[in-house]
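Here are a few friendly notes to go through with the model open beside you.

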Amino acid sequence: MAGALIGVLLVSLQALLPVQAVTAQRSAFPAAQAASSRGLISIQDQPFYGDLEQAASSWSDVVLDQVVGDSPRATLLNFYAVMPEVGHRADQLGRIDALRDPSVSPAQRQEQIADTELLFQLAVKSLDASAFPESVRTDMADEAAIQLKHVLDYVFTHSQRLIDIPDVEGMKRLNDKRTNAAESWRIPGTAISLTSELDNDPDQQDFFFSEETVASISEMYQEVKGFPVVDQPFATPYFYQDFIYTPGYLVPPGWYLSLPRSVRGLIEVPIGDQTLFQIICALLAIVLYLAVLGWLARFMLLTYRDSLADETPTQLWHRDRLAWRRVLLVLPILPLTRFTEVFIDDVVNFTGLPLVVITYALYVIWYLSAGVFVFFVFEALGRSSAEWLARIRGRRSQLQLQRISNFVMPLCRALGALVPLC
């Protein structure tokens, strides 16, 4: 009786602990103990485990294959074999001792990082991410892949039934029993499904994690992330946490790894899905970006300050210079906007909703600036061509230039307004 009360108290205390504190105790929950005490089937006892080990061994050396396969079994096992390999490699490469290892040259380290990123991208391609907006699809698919791995960790260690993942023949047998044949399969007791019926590729034969699964994987992850981790060979309990709380892509940059532990302890304070360091860097980037935009906008307004009615005949022949100056003032906004987006996304590694908001805002600014830039280019071309035609005709009178401009400029401005819409 006392033992039962102690067990209940321990479970209650664990429920009150932060997620980090719970996951830190992963070694206290081996698969065998969890299976015996809670009636769960360990992943080692699942019928697919032998094939999973075989798949994992085939992915550990050479990256030449693809994760998606011709059946739910092929895709699911490949994905679940590849993602731990990616997580373990990223964890090893993200340690300071690996950075300072004298036996590994900087070129070899970069090659290892590139191989890890390639392996990760192969896994991400097994997700049908078409539900995500195109502007943030790549970033959200990366996050969804890691979240899906964590959800699968939970599913495969908290199942009370044997999970029979169908291969090609298994899908045929399933469809023989179905009223309406469908090239899709759902993991029993979950909302995770795999399908070869893609809206954007009706001829697809390989199986992918369905659009519905990928769209809702964040909600699934939020439901399971607080559960104690069951220790098993393919578990990666810190994968997502390491991914979102450090700068860089999968592996933090060398300068960040070289920071003293005391400094990293201060700047890695989590605030939602970001750290204090990431938020400060993103804010600085945005402030500098807005400052440059304001500076360029000020000079742009100065080009409109003087009234054209007060122009002298000589100044009338230099309108093209003013038009090209506007082009040069708008041009830097395009690479600057792109650089800011890449810096916040890939270098600072912002994730989640804040990344979506920032990316959308920068995309809007970029496309508006691109439209204005094209319009100014055509206007400048119109001004230059009008002056060139006037000089070709041998007349340098203000009236002649005005007549040619009245003919050329409406056409150029119309093209400048239409081209961005195409």
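1. Phe48, Tyr49, Tyr80, Phe156 and Phe234 form one aromatic cluster; rings of Phe, Tyr and Trp (its six-membered ring) pair if their centres lie within 6.5 Å. This is a predicted model, where local features need pLDDT of at least 70, side-chain atom pairs count only at pLDDT 80 or more, and totals for chains, interfaces and linings use all residues. Residues are numbered from 1 along each chain as its sequence is written, and side-chain values use heavy atoms, leaving out hydrogens and water.

2. The structure holds 17 aromatic pairs. For Tyr80 and Phe156, the ring centres are 4.9 Å apart and the planes are at 85°, so the pair is edge-to-face (planes over 60 degrees apart). Tyr80 sits in helix H5 and Phe156 in helix H8, 76 residues apart, so to speak linking distant parts of the chain.

3. Tyr80 is buried at a relative accessible area of 0%, and Phe156 is buried at 1%; buried means under 20% relative accessible area (1.4 Å probe, protein chains only).

4. Thr157 is also in helix H8 and is buried, at 6%. Its side chain reaches the backbone oxygen of Asp153 at 2.5 Å. Leaving aside neighbours within four places in sequence, Thr157 is in contact with Leu40, Val230 and Gln232 (heavy atoms within 4.5 Å).

5. Helix H7 (residues 106-124) packs on helix H8 (residues 137-157) at about 85°, with the axes 9 Å apart. That makes H7 roughly perpendicular to H8 (65 to 115 degrees).

Methods: Axes are lines fitted to C-alpha atoms, for helices over the stretch in contact, and angles run from 0 to 180 degrees between N-to-C directions. Helices (H or I, at least four residues) and strands (E, at least two) are DSSP runs, numbered from the N terminus. Angles under 35 degrees count as roughly parallel, over 145 as roughly antiparallel, 65 to 115 as roughly perpendicular and the rest as oblique. Buried means under 20% relative accessible area, exposed over 50%, partly exposed in between (1.4 Å probe, protein chains only). A polar contact is a pair of N or O atoms within 3.5 Å; within protein, one must be able to donate a hydrogen and the other to accept it, and residues adjacent in sequence count only if both atoms are side-chain atoms. Rings of Phe, Tyr and Trp (its six-membered ring) pair if their centres lie within 6.5 Å; planes under 30 degrees apart count as stacked, over 60 as edge-to-face and the rest as tilted.
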